[in-house]
Structure formats: structure tokens, C-alpha cells
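Hello,

Here is the structure for your files. My notes on strand pairing and aromatic contacts follow below it.

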Amino acid sequence: MATQDDTATMPKTAKPAAKRDDAPHDGKVMNIERADFTDLVPEGRAPVQGMDGFDPCYSDIVDYIVRCTHKIWDERDVGLIYTHYTHNIVLYLPTGTIYNREDVVRDTIQRLVSLPERRGMATHVVWNGNDKDGFYTSHLVTGSGRYSQNGHYGPANGRPFVSRTVADCMIHRNKIYREWVVSDQMAIVKQLGLDEQAYAEKLAAAKFAQGLKQLDIGETGLLMGQYPPCRAC
């Protein structure tokens, strides 16, 4: 058995790797309130808690929820949903419940088209759990932008808005499998100068017209069975 110090075999010119400045986190799970966005999505940060099964870019659970939310909603990387949500995700929204990943993709695209200038800023994250049993996060996002495209709220009028959203997620091995979202839609409706009563009646009429008797969870043609799309396709 070799007993020599391994460092003796290192080239004399080799230098120890420089320690990365992790301020303001100091090697702990990230704190949202005191950090600039660049400190919330660092490159090459060493993991500070167990993240078994998660993509290597995530150093802790706060990094995960802030970074993947930014990638999907601000960088428009909608395809990331396939690696960050389970096929049978249950997503509870104020206007209804989504029961599968394809509908999450569809809903995300529709909202991005309606509010292309919206940017969501992480305001606060609370969490619990671990990488073996799963994590639970509650993510407060402050969104702001202008209504510049026809969409959910009718004809675009260019008006600015600010609203808050809370998303609670249950996460295991890089994938969200349950999510509850509460967003202040009425704040947007009022700031856009819309008639809130008429808007609510329009939403209700659409639900009644559907009968509310059957969920649309059929195949979309994008995948075979319940597998994600082929990477080579």
C-alpha cells in the first residue's frame, strides 16, 4: 500500500484552485433578499447542500427554483419544462387545475405570448426538505411589464402593470410533481383599465360553455405515450 503524500507528485508549477467568492451567501443556502440576480444564478458554485438527482448547475434548492423559473419565463426556455416537471404534474391555478405536462407547456406558451415584456423577479423563497425525501419551496415573484400583445386580457393597450405571484412546489430529483400558484390577476386587470366584472363573467362563461364535465388530457402529437419528445427529433 502506498503511503506517500499524493501532493508530492503534483507538478511544481501547479497551484491550488482559487476559492470562489460566494458572498453574500458565504457557503450557505442562498438568501434572496440581500443578493443581486447575478449572485442568485452563479456559474460553477459548489453545492452547499445535498442535491442528488438534480442538474449539476444547481448548488442548492433556492438556486434551483430561482434559476429554472428565470430560464423558463424570462429566457423563454419552455422546453426545460420536460426535464423539470413530471409527466403527470398536477398544477393548481386560480382559474382551474392542470393535470399533465403538455398542458403546462401549452399554458406557459400562451402566457408568454400575452405578456412578452413581463419579467419576474424573485422576491422571497422559503423552503424545507432534502434531496432524499424531496423539497418543498414557496416562491414569491414580483412581475412587471406592459401589455403589448393581444391575449388573455383582450386587445393590447400598452399599459404597464406590476403584480405578485406565489408558487408553492413539491420537488423530487429535479422534477416538480405538485404546484400551487396564486397570482394577483385582479391587479393586472385593474391596471390595464379593464372592467373587472366583465372580465370575470367572460372567464365564467367560457368554463360553463365547456360543461366542466371532461378534462382535456389526450395526446397532442408531440410525444409517444407519456414519454418526453425525442431529443433527436
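Tyr153 is buried, at 6% relative accessible area (buried means under 20%, exposed over 50% and partly exposed in between, with a 1.4 Å probe and protein chains only). Before the rest, some ground rules. The model is predicted, so local features need pLDDT of at least 70 and side-chain atom pairs count only at pLDDT 80 or more, while totals for chains, interfaces and linings use all residues. Residues are numbered from 1 along each chain as its sequence is written, and side-chain values use heavy atoms, with hydrogens and water left out.

Aromatic contacts

The structure holds eight aromatic pairs (rings of Phe, Tyr and Trp, the last by its six-membered ring, pair if their centres lie within 6.5 Å; planes under 30 degrees apart count as stacked, over 60 as edge-to-face and the rest as tilted). One of them is Phe54 with Phe135, an edge-to-face pair at 5.9 Å centre to centre with 70° between the planes. Phe54 sits in the loop between helix H1 (37-40) and helix H2 (61-73), and Phe135 in strand S4, so this pair ties together parts that are 81 residues apart in sequence. Helices (H or I, at least four residues) and strands (E, at least two) are DSSP runs, numbered from the N terminus. Phe54 is buried at 9% relative accessible area, and Phe135 is buried too, at 3%.

Tyr153 has its own aromatic partner, Tyr147: the two rings are edge-to-face, 5.6 Å centre to centre, with 85° between the planes. Tyr147 is buried, at 1% relative accessibility.

There is also an aromatic cluster made up of Phe54, Tyr58, Tyr64, Trp127 and Phe135.

Strand pairing

Two strands pair if DSSP finds at least two bridges between them. S3 (residues 119-130) and S4 (residues 134-146) run antiparallel and are joined by eleven bridges. Ala122 has Val141 in S4 as its bridge partner. The hairpin from S3 to S4 goes through three residues.

S6 (residues 175-183) pairs with S1 (residues 85-93) in the parallel sense, over four bridges. S6 is also joined to S5 (residues 160-172), antiparallel, by eight bridges. Ile176 shows up in both pairings: Tyr85 stands opposite Ile176, and Ile171 has Ile176 as its bridge partner. S5 and S6 form a hairpin with two residues between them, and Arg173 in that turn has a positive phi of about 50°.

Regards
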